[in-house]
Amino acid sequence: MAELLLDVQGLETRFKTPEGIVHAVNGVSFTLSEGETLGVVGESGCGKSVTMLSCLRLIASPPGEIVAGKALFLGQDLLKMAPEEIRKVRGAKISMVFQDPMTSLNPVMSIGQQMAEPLLLHMGMNKEQARKRSIELLELVGIPNAADRLKDYPHQYSGGMRQRVMIAMGLSCIPQILIADEPTTALDVTIQAQIVELVKRLREELGMAIIWITHDLGVVANIAHRVAVMYGGYIIEEAPVKELYANPTHPYTLGLLGSLPKINASERTRLYSIEGMPPVLYQKPQACPFAPRCTFVQERCWKENPALVNITPTHRVACWADTTSGSERL
Amino acid sequence: MGTYIVRRLLLVPLLIFGVTIIIFGMLQFLGPIERSALYVRDFPKNDKQIQGLIKKYGLDRPIYEQYWRWLTGVKDPISGEREGGVLFGDFGYSRTASQPVINIIKNRFPNTLDLALWAVFPMLSVGIWLGVQAAVHQNGWIDQLARIFSIVGTSFPTFVFGLLVLIVFYANLQWFPPGKMSDWVSVLLYSGDFKQYTHLLSIDALLNGRIDVFLDAMRHMFLPILTLSYINWATFVRVTRSSMLETLRMDYVTTARAKGLKESVVINKHARPNAMISITTLAGMSVVGLLGGVVITETVFNYPGIGKAAADAAQQLDVVTILGFAVFNGLILILANLVVDIMYGIIDPRVRLA
Amino acid sequence: MNSNNNEVLIRVENLVMHFPIYRGVIRRQVAAVHAVDGVSFDIRAGETLGLVGESGCGKSTTGRTILQLYKPTSGHVYYRDQDLTQLKPEAMRLMRREMQMIFQDPYASLNPRMTLRDIVGEPLMAFDEASGKEIDRRVADLLQLVKLDPDFAGRYPHEFSGGQRQRIGVARALALNPSFIVCDEPISALDVSIQAQVVNLLEDLQKEFNLTYLFIAHDLSMVRHISDRVAVMYLGVIVEIANSDVLYIEPLHPYTKALLSAIPVADPVFSETHQRTVLQGDVPSPVNPPSGCRFRTRCPIADETCALKQPEFREIKPDHFVACDKI
Amino acid sequence: MTSTAIPTGDNTLLKESKSDRKISRVERFLGPENYRIVVGLLKTPASIAGFILIGTFVLIAIFAPAIIPPVGNDPYRIPRDGFSGEPRPMGSEWKRNVPEVPGWYKLVTGKDEWVHLLGTAQGQYDIFYGLVWGTRTAFRTGLIVVISTFLIGIIIGSISGFYGGLVDNIIMRIVDIFMTLPFILMALIMAAVLTPMIGKTLIPSIIALVSFGWMGYARIIRGDILSVKERDFVLAARVVGVRDYRILFRHILPNAIFPTLVLASLAIGDVVLSFAALSFLGIGTQVGYADWGQVLSFARNWITSLQTYWYIVVWPGLTLVFFVMGWNLVGDAMRDVLDPRMRGKS
């Protein structure tokens, strides 16, 4: 059994907005083991990014606030660390790559300067060593003429190249965990494929664990070992990737998979659609947050929010209903 | 970058044309006789002589011809010397000061420059520092303080603020007198023992090694500097704050934090330089504005700069003189704006490397 | 989706749309973005033509130029034999009854200061089709048609979610009973669970009103689902057009193949077993597109000859057009 | 999804949804954009303080004749109590040109005789009278200048924004040229040039402030029109065949004009300040006209003895400051409400 790297328990984060308090994350628990890739899937506003940002305490506060929970990294609670301690974790042991490579790089600093920062900070390198290492890293992620391009600024790179730089920067201190927050959403399909293949290759070479946040069920199927599906600030289903796609159990997961057109199906069928809209939670829900849109909804769903329970040793679901015959009922 | 600078340079003649046209246009409100004051020291009392002047200087010619003459001057048919021509530094003859406008400028402009130079530093540094602090500690006490400070500041007219500090620091405490220098300094200046290298009193004092003169100059300039800075701080705090707040919400700031950088590094190395880009223009305009906007401050503190001269001339409705100042100011400002634009290009790599 | 009817509704001939770039000291035109560079295709009455490609390939520009929202640099667009590019502005305005558009961004495409009634009723007013109470009645019908509560007519767009706003946009497009609708990436800004709702709605409406769609998207799986035929664009030119099933099962152009292979398939077993062809490099700039075949810089089968001349757009099989000389 | 963005999902309309935000009747009546501005202003304590200040000045302006009745034919001439140069302190006896004594004065002070409540300025002009009646002058000049600059700016900026191309280029270069010149100096010159022709009235200063004050509005409205023009809903209106004039007046202008309109309405403070600055510099009305800058300008001759005559600075100065501050408080809150980047932030 691989070592447990990250153990998040009961994480709760909320935001103060002019319209009221938004409960973005409502008690999320998950684990990540060495060398594992966890896919976190959900629609916008489901709390998937906020969860990961909360773990690294990168939530802007105010308006954000982490209310409860633990995030144990190798046994140490990230949420309780002193600011200097968590800074030593960020970028060095856990690093992040963000969605939009256009805005994630500082426009007035050269790529070389930005690449060197974590190396100087965490690896104790001097400027020359950092420069050499930056070139190696850029070559590793497949940027041609890396040595010449260090002095360039972000606006001189293309979108796909910028995301490669972000990944190189994220990997520069050989972190144990790489959190990728929708890293391919802003990119075109062919570039997206390049980035996914790149990360898969680097994962083999460097052996880090990855948390891959996305709304794209296709990308996750391609890269993740295990998948957690989020809805309304909760993880509502979690299973190894093949298990989840072969045997989706929560009505939301079922609906999501059903609403995708089948690219390799020969005959054309009408898409399944989940009616209604994802919620914004101004109160911590007493009921199951998916109840208003659920086809399996029962009396009990309006009264109690189901907990995430194991239905097999590796498959956890938060639902009162029996959906085992679900595929036919959709 | 090359194209950028060339474009800005090409704009200069256009700006000069525009600015001079506006001022020349104002000149047209005057009759031809009054306009002849551009060229001669005394109005001849004799009607025939006046007509002669008008003829000689072409003040009855078509307007575009007059404009050209006004810009470049006319050759005196007898002596062959050029008379007039604002582009050659002849801004006309001041009726009220009984000397050519350019002489007033030569005497007074160094004083204004002296004041402006000393005012720039506190204006920029304190204003920007406070704005950054307010944004970093959004809604904290320093932010609230900065906001109050900024609102009160923008609500205080220069002259009210100036008069109030005069009541406190001069009338009651006798610390900082108005004017430019104490009597003993002016005696010293005329004595010839004091070499005037730059004609900026504070700088010359340092160059002569006369700390006492320097302190006297600063003592006289302190209140004007405070007034000029205070009035500009308000705007700076507000603009810096909002620009910084916007920058702090950018993704690359989160990236910087996610790298494990210290908050001070995140703010000073990542956020602030970006926020500065949008402040550069304002900073440039304020520095430029200092040169033009000293009119009131100098008047309140009775400081013999070019602004006070303009105000005095305006009060006596000596139009030729103030228009002369306006042309001079316009030319200086065009130059200063050019410098600001080029600096902007240097700061922002997206412009520099375009 | 009855593509048996072979009447051509829209014919695009050699459509070129270049956007000038002004640079330098005196803002001279130094170059042009070759957004659309000689595109020809037909859209048949009642069918859905899918138009796919990566961002910047000119697919949205094509859609907008067909509707004469941009004045094309050259080329013709025929609507039932009427050349739209030759129409005077007022005549074109009257033609808009027939052809409508659904926008990508449901937030930007609705005027925030107008109520639903005004937004959906505006086309009726523009053509003096209705006034007063009659507009209210028609708006209510239209809202019902897109499955929105007619009581919402007095509300403003900000009270609605992205998916609902997109329905409002659909209602507006339907107000004049058009026969042709350009759907400009209508689902790419929406959440996964909402996308299916909108796609189903579009399909239902097509059946009910015998609409013809130009469906522009970058999501290939959705395009296949909704389209009868699919055109693939790359850098301002169409590289392949075919019946959608044929195109997906038997793609001919190397770009189409790569694009299809890059689609992330929501099936872990499939992704494990299938080797993907990953294209190298980025899309070249449309300001200065490569000579000859546009795709040659990234093409796995390209050789020197590809740089020489632009490949001919040939009908290789019935109804299957490809622009590649290597096939 | 950026790290700091608040997760906003969809405000659903499902009847059974628990997260539906209630939309009040007022909001539906005003429309979302206007409602947001009104609520934003009413929720900020600073702007409420601003409204109170402005309201007080409005009342003073309206009830000026009741506060201190005019003496002679022209109410805007400050009554003179003699001709001596030296100011007299607060509470000194009023001998000549005494106004009628209004009811409130008797009530508050219990006296039947006017005194110089705030002292007299140089030339025995009553400061209190000057300040009360000067409020009317302030509103008058402020409104005239703001409305004129706004109209000029809107027209020029709209032409620039709508037509674009060469017209836009030429207009914006002209704006650049005007912006190069220092505002107060140019206004001073303009007023000085006009005064011999028009006379010492409010008009030269008003023309001067208008001539050099329109550029800001032109720029803002042009920028907003350009950005609104590019928004999809304008394109959508064209697609559904809306006629050009309607696109302009129904889609572009309502979405573009509001920030300029609001900022203009709040610029009265700045205008009054500039106007007072011109008066202070000795350009403007006849000596003795009820105008704050004029009253304050008397202080220029007493700078060396302000410890004695502080009241000739402090009272007119504070009046001006409070007036401007009222507008600035509201304006500052308005800027926060209007600035889209600040949305959703407290």
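## Lining of the largest cavity

Three elements each supply at least two residues of the lining of the largest cavity: strand S6 (94–97) and helix H7 (159–171) of chain A, and helix H11 (251–258) of chain B. Helices (H or I, at least four residues) and strands (E, at least two) are DSSP runs, numbered from the N terminus. H7(A) gives the most, with three residues.

This is a predicted model: local features need pLDDT of at least 70, side-chain atom pairs count only at pLDDT 80 or more, and totals for chains, interfaces and linings use all residues. Residues are numbered from 1 along each chain as its sequence is written, chains are lettered from A and ligands numbered from 1 in the order in which they are written, and side-chain values use heavy atoms, with hydrogens and water left out.

The lining comprises Gly91(A), Ser95(A), Met96(A), Met166(A), Met169(A), Gly170(A), Thr255(B), Ala258(B) and Lys259(B). Lining residues have an atom within 4 Å of a cavity point, on a 1 Å grid over the protein atoms alone where a 1.4 Å probe fits but cannot get out. Four of the lining residues are nonpolar, four polar and one charged. Ala, Val, Leu, Ile, Met, Phe, Trp, Tyr, Cys and Pro count as nonpolar, Asp, Glu, Lys and Arg as charged, the others, Gly among them, as polar.

## Cavity volume

The largest cavity holds about 80 Å³ of space. The whole structure has 14 cavities of 30 Å³ or more.

## Helix packing in chain C

Helices H3(C) (residues 116–126) and H5(C) (residues 162–174) pack at about 30 degrees, axes 7 Å apart. They are therefore roughly parallel (angles under 35 degrees). Leu116(C), Ile119(C), Val120(C) and Pro123(C) of H3(C) meet Ile168(C), Ala171(C) and Arg172(C) of H5(C), with heavy atoms within 4.5 Å. Six of these contact residues are nonpolar, none polar and one charged.

Definitions and conventions
Axes are lines fitted to C-alpha atoms, for helices over the stretch in contact, and angles run from 0 to 180 degrees between N-to-C directions. Angles under 35 degrees count as roughly parallel, over 145 as roughly antiparallel, 65 to 115 as roughly perpendicular and the rest as oblique. On a 1 Å grid over the protein atoms alone, a cavity is a set of points where a 1.4 Å probe fits but cannot get out, and a pocket is an open set with protein on both sides within 12 Å along at least five of seven lines; lining residues have an atom within 4 Å of a point. Grid points are joined across faces, edges and corners, and a volume is the space filled by probe spheres set on the points.
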